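Take a look at the protein below. This report walks through selected places in its fold, residue by residue.

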Amino acid sequence: MALSFPCKASLNQHIQVKVNSSNIKYLQNIKNLTKTLTLPSISSSPHESLQKGNWVKLICGASFEDVVDIRNLSLVYTFAGVDCIDCAADASVVSAVNEGIEAAREIVPIRRPWVMISVNDDEDLHFRKAEFDPSDCPLDCSRPCEVVCPANAISLVEGKLTVELPHGTRSPSALKGGVITERCYGCGRCFPVCPYDKISMVTYVRNATATAELLKRDDVDAIEIHTSGRQSAFFRELWNGLGDAIRYLKLVAISLPDIGDSTVSSMNTMYSIMEPQLDCYNLWQLDGRPMSGDIGRGTTRETIAFAARLAAAKDRPHGFLQLAGGTNAHTVDGLKKEGLFQTVSISSNSKDQTLLPDSSCSAQALIAGIAYGGYARKIVGRVLSRMESKQGIAHIEEYPHHFLEALIEALSLVGTVKSYDPSLVTHKLL
């Protein structure tokens, strides 16, 4: 079923940057940055980035639906030069992404990244929410769920129970709050740490008909289909359900895990299902260790190993390869050690000729790029949290000092793929 969740705040208000001399200075520094560093967000298009191997995608989260954070993340990472912003297949979330993009473009005339929506063909880790009744939690619980949640999606406070009691009897206390649904993106870290086994996970599958309508919007450019790779019938059903909406797209991405020796065979099966209706670029997202990039350095190893194996596979189907799942600031170094960072191969199949009519064979990077999710949200999210604690819910460009902090964080990550010097970025901004 298709789910929608309440939004944290309306985004329809007009952007009004608070003007003072300090804000003007910060905003001018941000504008100067795009001129002095020739950011990729001005100098190249998303499809050129795919071919060169410096494609970067921001993953807002297939189930993350806090429209305030999504809007601010989209603004900051548009400035930083991402080629694509991937978000939940929800109309309000798509609007938040596009508002953030356009807010960035109002400050500096930079090119627009592609907007991608994520859907699933069956149960998938990315399409679930944590759930529990806080009134069932003991008052003396240490609340490890709050501590472990990377999205600050669990909030518990002590309150009084609203029950009828005999005169003179004290009202009992209980925990209130629980899961902030729009912030939960289903990482599952709270589930095993609950000492009382009170937390459950609610899974869902996005509706194909509702998704097809979203794809027809002029501000949606791409779709990503999450699949286990083991049940082609589910994939075929979803693909057929999307119908002619596919023709509106610039890119179709398939996100799949490593299923060993069956991976390439599964990819070929899915490609054969797509090919008759596929008139745009296609991409394979190699989901190494899902939703883990913010945990630590080693989480990126699985997706790099996955990429190395598929890059060497001679019988894999057409399509760009992109890393995801555990990606973080160490991913590029890992690719370099494997000799896969922006390493060029020659491709000359029929689909390339269709997409590149000026050349019968084209130089193309073995690995098209990297998608960053939890880690990208974490480094900028720290700034957003500080801003919200001081200012409340706000547009980040209204507070250029915070905007500048967030941009430095985003550039330090995107810059590892786009190949500009993060220290130079910091110097220019400060």
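## A buried serine and its surroundings

Ser74 is buried, with a relative accessible area of 0%. This is a predicted model. Ser74 belongs to helix H4, which covers residues 67-80. Which residues does Ser74 touch, beyond those up to four places away in sequence? They are Cys60, Ile85, Val97, Gly100 and Ile101. Take Ile101 from that list. Ser74 and Ile101 are 27 residues apart in sequence, yet their C-alpha atoms are 5.9 Å apart in space.

## The whole protein

Now step back. The protein has 430 residues, and 56% of them count as buried. Its secondary structure comes to 16 helices and 14 strands.

## Pairs across the sequence

Several residues can be set beside a partner from another part of the chain.

| Pair | Apart in sequence | Apart in space |
|---|---|---|
| Ser74 and Ile101 | 27 residues | 5.9 Å |
| Val94 and Val67 | 27 residues | 8.9 Å |
| Val179 and Asn152 | 27 residues | 9.2 Å |
| Leu321 and Ile367 | 46 residues | 5.2 Å |

Start with Val94. Val94 sits in helix H5, residues 91-107. Its relative accessible area is 0%, so Val94 is buried. Leave aside the neighbours within four places in sequence. Val94 is then in contact with Cys87, Ala88, Ile117, Arg217, Asp219 and Val220.

Next comes Val179, in strand S6, residues 173-179. Is Val179 buried or exposed? The cut-off for buried is under 20% relative accessible area. Val179 has 19%, so Val179 is buried. Not counting residues up to four places away in sequence, Val179 touches Ala130, Glu131, Phe132, Ala153, Ile154 and Cys184.

Leu321 is part of strand S11, residues 320-324. Leu321 is buried too, at a relative accessible area of 2%. Beyond its neighbours within four places in sequence, Leu321 is in contact with residues that include Trp284, Leu286, Leu310, Ala311 and Arg316. Leu366, Ile367, Ala368 and Gly369 are also among its contacts.

## Two helices side by side

Helix H14 spans residues 374-391, and helix H15 spans residues 400-418. Their axes come within 9 Å and cross at roughly 175 degrees. An angle over 145 degrees counts as roughly antiparallel. H14 and H15 are therefore roughly antiparallel to each other. Which residues make the contact? From H14 come Tyr375, Ala376, Ile379, Val380, Arg382, Val383, Arg386, Met387 and Lys390. From H15 come His402, Glu405, Ala406, Glu409, Ala410 and Leu413. Sorted by class, the contact of H14 with H15 has nine nonpolar, one polar and five charged residues.

## Rings and charges

A pair of aromatic rings is described by the distance of the centres and the angle of the planes. The structure holds five aromatic pairs. One of them joins Phe127 and Tyr204. Their centres are 6.0 Å apart, and 80 degrees separate the planes. This pair is edge-to-face.

Phe127 counts as buried, at 0% relative accessibility. Tyr204 is buried as well, with a relative accessible area of 2%.

A charge can also sit over a ring. Arg377 lies over the face of Tyr185, at 4.4 Å from the ring centre. Arg377 also lies over the face of Phe64, at 5.9 Å from that ring centre.

## Positive phi angles

Arg143 is not a glycine, yet its phi is positive, about 55 degrees. Arg143 lies in the loop between S4 and helix H6 (144-148). Met291, also a residue other than glycine, has a positive phi near 50 degrees. Met291 is in the loop between strand S10 (281-287) and helix H11 (301-312). At 15% relative accessibility, Met291 counts as buried.

Notes
Residues are numbered from 1 along each chain as its sequence is written. This is a predicted model: local features need pLDDT of at least 70, side-chain atom pairs count only at pLDDT 80 or more; totals for chains, interfaces and linings use all residues. Side-chain values use heavy atoms; hydrogens and water are left out. Axes are lines fitted to C-alpha atoms, for helices over the stretch in contact, and angles run from 0 to 180 degrees between N-to-C directions. Helices (H or I, at least four residues) and strands (E, at least two) are DSSP runs, numbered from the N terminus. Angles under 35 degrees count as roughly parallel, over 145 as roughly antiparallel, 65 to 115 as roughly perpendicular and the rest as oblique. Contact means heavy atoms within 4.5 Å. Ala, Val, Leu, Ile, Met, Phe, Trp, Tyr, Cys and Pro count as nonpolar, Asp, Glu, Lys and Arg as charged, and the others, Gly among them, as polar. Buried means under 20% relative accessible area, exposed over 50%, partly exposed in between (1.4 Å probe, protein chains only). Rings of Phe, Tyr and Trp (its six-membered ring) pair if their centres lie within 6.5 Å; planes under 30 degrees apart count as stacked, over 60 as edge-to-face and the rest as tilted. A charge sits over a ring if NZ of Lys or CZ of Arg is within 6 Å of the ring centre and within 35 degrees of the ring normal.
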